Amino acid sequence: MTEQTNEAAPVRNAEFKALLLLVLMVVLVAGSALYLLYARGAFEATQTLVLQTDNSEGVTVGMDVTFAGFPIGRVRRIELGKDGNARVIVDVPRGDAHWLRSTSIFTLERGLVGGAKLRAFSGIPTDPPLEDGATRSLLVGDAGAEIPRLLAAAKDLLENLNALTAENSALAASLANVQGVTGKLNGPGGAMGLIAGDDKNAQQLAERASKLLITVNALATKADSLIGHADTQVFGKQGVMTDAQATIVQLNGLLADARNSLKKMDAVLVEAQAVGANAKEATADLGTLRGEVESSLRRVEQLVNEINRKWPFKRDTEIKLP
């Protein structure tokens, strides 16, 4: 009995240790799970944001929504709405919700390399904060969607290039014409042959051009002689300019004489003004003298009348009728 007890004791110890190790592992796993949930914000107060788009390709559950490169929200669920549009449910922690405003814009960017990215942009930080449960449109920018359009444009460009470089194309005809013109320019006639069309016409045209040059040279010589004769007639010793200079000298002398005459006339006018002033003064003196003479005459008349009145031998010329 003692031997059986001694054999069962190590087994119980091993079982106890195994149970203890199992419990410890469960505690560690539960603690890790709780820590992960805490680290991912499972126990943090959040508010809900709904993003609507016609295609949610590239969006996955647990995907971050970033603002200025920092995660401020996480995709909790993706569902299909009654209107056929995809609804992306995002949980935004209360501590980071102040970065989102009522005028914020949300974008989904799909690049050629890498996964899709959900981004938020807030242009005016002073706008009202985004309310809980708000629904916003998700703007999608897909670089891969532009590839078919680029391929179609490249295909059209290649077709146009093939049409331009074909044997019977307008570009080929233009190049042939340019080659023909270059050949004529390099030929014996040169540019003259290109203008005339063939060598015979080019030779005739060259002969006419030489004759025309001879005529032009003769005309230039005559023009030079005419210009020299005109210089002699105009600027020579007996030319028009010499006569004009002599006439100007005579005209200057006449102007000097006229200037002297005007000065003499000014002196005569000054003397006439002086004579007029003297005549005016004499006229004033005559008026005063006339007044004095009239006064004297009136006194003489009064004296004669007084003498006649007082004269004792005055005759009585009065005739009295009986």
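The model is predicted, so local features need pLDDT of at least 70 and side-chain atom pairs count only at pLDDT 80 or more, while totals for chains, interfaces and linings use all residues. Residues are numbered from 1 along each chain as its sequence is written, and side-chain values use heavy atoms, with hydrogens and water left out.

**Salt bridges**

Side chains of opposite charge can pair when their charged atoms come close. The structure holds 7 salt bridges, a salt bridge being a side-chain nitrogen of Lys or Arg within 4 Å of a carboxyl oxygen of Asp or Glu. The table lists some of them.

| Salt bridge | Closest N and O atoms |
|---|---|
| D64 and R74 | 3.7 Å |
| R76 and D91 | 2.7 Å |
| R87 and E79 | 3.0 Å |

Helices (H or I, at least four residues) and strands (E, at least two) are DSSP runs, numbered from the N terminus. Burial is given by relative accessible area: buried means under 20%, exposed over 50%, and partly exposed in between (1.4 Å probe, protein chains only).

D64 forms a salt bridge with R74. This pair links distant parts of the chain, with D64 in strand β2 (residues 64-67) and R74 in strand β3 (residues 70-80), 10 residues apart. D64 is partly exposed at 33% relative accessibility, and R74 is partly exposed at 27%.

R76 forms a salt bridge with D91. R76 lies in strand β3 and D91 in strand β4 (residues 86-93), so the pair ties together parts 15 residues apart in sequence. R76 is partly exposed, with a relative accessible area of 37%, whereas D91 is buried at 18%.

R87 and E79 also form a salt bridge, and a network of salt bridges links R77, E79 and R87. R87 is partly exposed at 23% relative accessibility; E79 is partly exposed at 28%.

**Aromatic pair and loop residue**

A pair of aromatic rings is described by the distance of the centres and the angle of the planes. Rings of Phe, Tyr and Trp (its six-membered ring) pair if their centres lie within 6.5 Å; planes under 30 degrees apart count as stacked, over 60 as edge-to-face and the rest as tilted.

The structure holds 1 aromatic pair. F67 and W99 form this stacked pair, at 5.7 Å centre to centre and 25° between the planes. F67 lies in strand β2 and W99 in the loop between β4 and β5 (105-110), so the pair ties together parts 32 residues apart in sequence. F67 is buried at 16% relative accessibility, while W99 is partly exposed at 42%.

A68 lies in the loop between β2 and β3. A68 is not a glycine, yet has a positive phi of about 55°. At 64% relative accessibility, A68 is exposed.

**Nonpolar surface patch**

L157, L158, L161, L164, L171 and L175 make a nonpolar surface patch of about 570 Å². Patches are made of residues with over 30% relative accessible area and no salt bridge, joining like charges within 9 Å and nonpolar side chains (Val, Leu, Ile, Met, Phe, Trp, Tyr) within 5 Å. Accessible areas come from the Shrake-Rupley method with a 1.4 Å probe; for residues, only the protein chains shown count as cover.

Helices α2 (146-164) and α3 (170-186) each supply at least two residues of the patch. The largest share, 4 residues, comes from α2. L158 is found in helix α2, and L158 is exposed, with a relative accessible area of 52%.
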